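I opened this entry to note what I looked up, item by item.

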Amino acid sequence: MEWTKEQRYRKIEDASKEELLKLRSEVMECKWRQTFHIQPETGLLNDPNGFSYYNGEYHLFYQWFPFGPVHGLKYWYHTKSKDLVHWSNVGIGIEPSNRYDSHGAYSGSAIEHDGKLHLLYTGNARDEEWGRHPYQCLATMDKTGKIEKSSEPVIDKVPIGYTDHFRDPKVWKEGKEFYAVIGAQRENETGCVVLYRSLDLLHWEFAGEVQTNLPSFGYMWECPDYFVLQDKGVLIFSPQGLKPDGDHYHNIYQSGYLLGTRLDVKDRTFTHNAFQELDRGFDFYAPQTMIAPDGRRILIGWMGLPEIDYPTDQSGWAHCLTLPREVTIRGDKLIQQPVKELQSLRKEQQQIRDVLDQEKKVYNHFTGTTFEMVCEFEDFDADEFGIEFRAGDNERTILKYDARQKKIVLNRTHSGAPVGEAFGTERKCSLDAPKIKFHLFVDISSVEIFINDGEEVFTSRIFPKTDSREIRFFAEGGSTLFHAAKWDI
Ligand code: FRU
């Protein structure tokens with residue numbers, strides 16, 4: 001279906017109760033609804049926003065278009081949780097309502113100040129010629145959960161030298177000052193991040209561009225995030241316009257990080273090493289982090305990408321968020337691990353220990369559609385080995401280690417209903433290790449795979465048939481020992 005501008009920029013109050021109920025029941029019939037991921041009740045979800053801990057609870061908002069699986073008038077939808085695992089839907093957090101956010105309350109972040117949660121976001125306005133005007137806006141949430149928008153933007157201009165692709169403020173505090181990074185495009189159409197500072201979150205001063213050694217790296221950097229971890233500076237962003245390069249950058253847009261010395265907020269220099277992708281799967285974008293009360297740095301991403309059709313579109317909804325991951329640094333790399341709280345989802349456990357020798361095996365009752373599984377392979381001389389899961393007649397998602405090339409390979413060619421095939425159906429990354437560990441979280445239409453304790457992550461949607469539930473183990477051209485533990489979820 002083609003969506004007209006009127007349909008895309010309609011407000012939710014213009015829909016009748018019956019219309020919304022009808023949308024909801026259509027969505028509920030979809031066979032690919034998730035069971036332990038945050039997903040929209042109707043319509044489209046994209047970036048996580050305002051991820052924070054406030055007043056004894058985790059708060060997480062997301063970009064939401066209520067009426068269908070397309071990008072239209074965006075709201076912030078609010079969810080909250082006491083444990084990062086069980087989330088409850090609160091309702092709309094920020095609605096576009098004035099001339100500064102008339103065409104969407106775009107992405108942003110949250111920070112507590114003076115007893116209130118401050119939400120800094122981009123108001124997206126369009127003029128009559130459909131020109132874009134970004135404003136950085138503020139809303140505050142009090143302890144009763146009431147959210148109030150400021151009537152005027154806190155940053156009402158794009159600084160000279162940048163285009164109107166200027167959005168997604170991520171705020172933090174250092175000493176007495178607040179800082180925010182904003183994703184930007186220079187007038188020469190290259191992407192970058194700029195820095196602002198403020199003493200009160202209301203008055204912001206443009207400090208200048210963050211000086212990286214990537215003067216020409218894509219045409220726009222969306223959703224930046226900056227934090228200090230283990231005394232290093234980490235700058236995360238989602239660059240658009242990178243070309244595929246070996247096993248890298250095969251998705252439509254990428255997201256990754258620069259790891260370096262702490263950002264010098266005075267002269268804005270950031271000394272860092274090469275850009276690294278955060279995730280090697282098919283569906284991951286626009287992540288955001290926060291600090292938990294116990295000091296952990298936690299990241300959640302959008303399990304989707306713009307401008308790609310997904311099989312759930314036909315049922316009136318699209319996308320979900322990833323599970324929360326704890327981020328740490330090992331060597332010159334970010335390590336991502338599922339947060340420990342996720343263990344509370346574990347139900348019945350099963351285990352297998354076996355040797356595979358040029359064969360493919362299934363085990364009695366060792367099957368599932370929603371589960372967590374840890375498989376460890378060791379003592380291998382096989383050319384390749386791995387697993388097929390959500391497998392059935394003519395369907396399977398393959399995860400393997402190619403020991404000749406020393407690469408992890410995820411293949412969704414036969415995973416089920418096709419998605420984003422124009423961008424390929426295989427993702428790979430190099431890994432050289434004597435033991436290979438796959439840690440999977442499989443939901444009805446997704447998989448998140450942590451390799452060797454978070455060295456690499458592959459996040460992907462898959463759209464198998466409901467009865468594709470086999471788990472197969474294989475080794476080719478030799479043998480391997482393996483141990484697998486699985487918990488139903
Ligand atoms: C990233 C993004 C952001 C923007 C938001 C709009 O996916 O394009 O840059 O704020 O989505 O929904």
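**Buried residues and the ligand site**

I began with C223, which is buried, at a relative accessible area of 8%. The model is predicted, so I kept to features that pass its confidence cut-offs: pLDDT of at least 70 for local features, and 80 or more for side-chain atom pairs. I placed C223 in strand β13, residues 220–229. Next I checked its backbone. C223 is not a glycine, yet its phi is positive, about 45 degrees. I noted this because most residues other than glycine have a negative phi.

I then looked at H319. Its phi is also positive, near 80 degrees, and H319 is a residue other than glycine. Where does H319 lie? I found H319 in the loop between β19 (317–318) and β20 (325–330). Is H319 buried or exposed? Its relative accessibility is 2%, so H319 counts as buried, the cut-off being under 20%.

**Ligand shell**

I listed the residues around the ligand. They are N46, D47, Q63, K74, Y106, S107, R167, D168, E222, Y285 and W302. I sorted this shell by type: 3 residues are nonpolar, 3 are polar and 5 are charged. Which strands supply at least two shell residues each? I got β1 (43–54), β5 (105–113) and β9 (162–174).

I went through the ligand's oxygen contacts to side chains. For Q63, a side-chain N or O atom is 2.7 Å from an oxygen atom of the ligand. For R167, the distance from a side-chain N or O atom to a ligand oxygen is 2.8 Å. For E222, I also read 2.8 Å between a ligand oxygen and an N or O atom of the side chain. How much of the ligand's accessible area does the protein cover? On its own the ligand has 320 Å² of accessible area, and the protein covers 92% of that. I checked the pocket assignment as well: the ligand sits in the largest pocket.

**Strand β6**

I moved to T122, which is found in strand β6. T122 is buried, with a relative accessible area of 1%. What does its side chain contact? A polar atom of the T122 side chain lies 2.8 Å from the backbone nitrogen of D168. I had D168 on my list already, as one of the residues around the ligand.

H118 lies in the strand too: β6 spans residues 116–126. I logged H118 as buried, at 10% relative accessible area. I also took a distance from H118 to G301. The two are 183 residues apart along the chain, and their C-alpha atoms are separated by 21 Å.

**End of β3**

My last stop was S81. It lies in strand β3, residues 75–81. With a relative accessibility of 2%, S81 counts as buried. Which backbone nitrogen does the S81 side chain reach at 3.0 Å? I found the nitrogen of D83. I recorded another contact for this side chain: one of its polar atoms lies 2.8 Å from the backbone nitrogen of L84.

Key:
Residues numbered from 1 in each chain as written. Heavy atoms only, no water. Near = heavy atom within 4 Å. Polar contact = N/O pair within 3.5 Å; in protein donor to acceptor, adjacent residues only side chain to side chain. Areas by Shrake-Rupley, 256 points an atom, 1.4 Å probe, with all protein chains shown as cover. 1 Å grid on protein atoms, 1.4 Å probe; cavity = no way out; pocket = protein on both sides within 12 Å on 5 of 7 lines; lining within 4 Å. Sits in = over half its atoms within 2 Å of the grid points. Helix = DSSP H or I, 4+ residues; strand = E, 2+ residues; numbered from the N terminus. Nonpolar A, V, L, I, M, F, W, Y, C, P; charged D, E, K, R; others polar. Buried < 20%, exposed > 50% of the residue type's maximum accessible area, 1.4 Å probe, protein only.
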